[in-house]
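Reader: I am new to this structure and would like a close look at one part of it. Please take me through the aromatic rings and what surrounds them.

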Amino acid sequence: HPEDYRQLPLPAERVDFLWCENQGKAAYAMIGGSGEVGFLYELVGDADCFPALWRETCRGYRRLFVNDRADSPSCLWLADHAGVSLKNKSLTMWLPLSERVGVTHLRQWYISYFDRI
């Protein structure tokens with residue numbers, strides 16, 4: 001149901017969707033905001049569009065948290081062009097309930113923030 005998708009991930013008070021299209025190349029960014037703090041949930045698409053999206057993403061925030069996967073195109077671009085470095089975090093939702101599940105394997109998984117809702 002469409003109402004099911006009207007969710008805001010905590011602690012965001014709003015979520016913005018940015019779209020960039022340039023010479024047949026496209027990318028988007030999803031950003032949550034709470035006051036002067038921003039949360040870049042997703043930066044996906046052609047890296048040629050990342051500079052414009054990044055400039056717009058940073059506008060108005062004094063602090064910005066990034067949710068990404070260490071080897072993704074967006075993470076590599078952010079590291080090279082924006083000085084962003086990621087810290088690996090355990091996702092509590094993936095803590096195994098059985099020793100038969102390999103934690104090392106689960107740490108390799110990446111699920112975009114909005115797919116978790």
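**Aromatic rings and the helix contact**

Ring pairs join F39, Y41 and F65 into a cluster. The model is a predicted one. In total, the count of aromatic pairs comes to 4. One of them is formed by F39 and F65, which are stacked, with 5.8 Å centre to centre and 15° between the planes. This pair connects distant parts of the chain, since F39 sits in strand β3 (residues 37–45) and F65 in strand β4 (residues 63–66), 26 residues apart. F39 has a relative accessible area of 13%, so F39 is buried. F65 has a relative accessibility of 38% and therefore counts as partly exposed.

Another pair, F50 with W77, is edge-to-face: 5.9 Å separates the centres and the planes stand at 75°. Because F50 lies in helix α1 and W77 in helix α2, this pair ties together parts that are 27 residues apart in sequence. F50 is buried, because its relative accessible area is 1%. W77, at 11% relative accessibility, therefore also counts as buried, the cut-off for buried being under 20%.

The axes of α1 (residues 50–58) and α2 (residues 73–81) come within 11 Å and cross at roughly 70°. Angles of 65 to 115 degrees count as roughly perpendicular, and α1 and α2 are therefore roughly perpendicular to each other. On the α1 side the contact is made by F50, P51 and W54, and on the α2 side by P73, S74, W77 and L78. By type, the residues of this contact divide into 6 nonpolar and 1 polar, with no charged residue.

Notes:
Residues numbered from 1 in each chain as written. Predicted model: local features only at pLDDT ≥ 70, side-chain atom pairs only at ≥ 80, totals over all residues. Heavy atoms only, no water. Axes fitted to C-alpha atoms, helices over the stretch in contact; angles between N-to-C directions. Helix = DSSP H or I, 4+ residues; strand = E, 2+ residues; numbered from the N terminus. Parallel < 35°, antiparallel > 145°, perpendicular 65-115°, else oblique. Contact = heavy atoms within 4.5 Å. Nonpolar A, V, L, I, M, F, W, Y, C, P; charged D, E, K, R; others polar. Phe/Tyr/Trp six-rings, centres within 6.5 Å; stacked < 30°, edge-to-face > 60°. Buried < 20%, exposed > 50% of the residue type's maximum accessible area, 1.4 Å probe, protein only.
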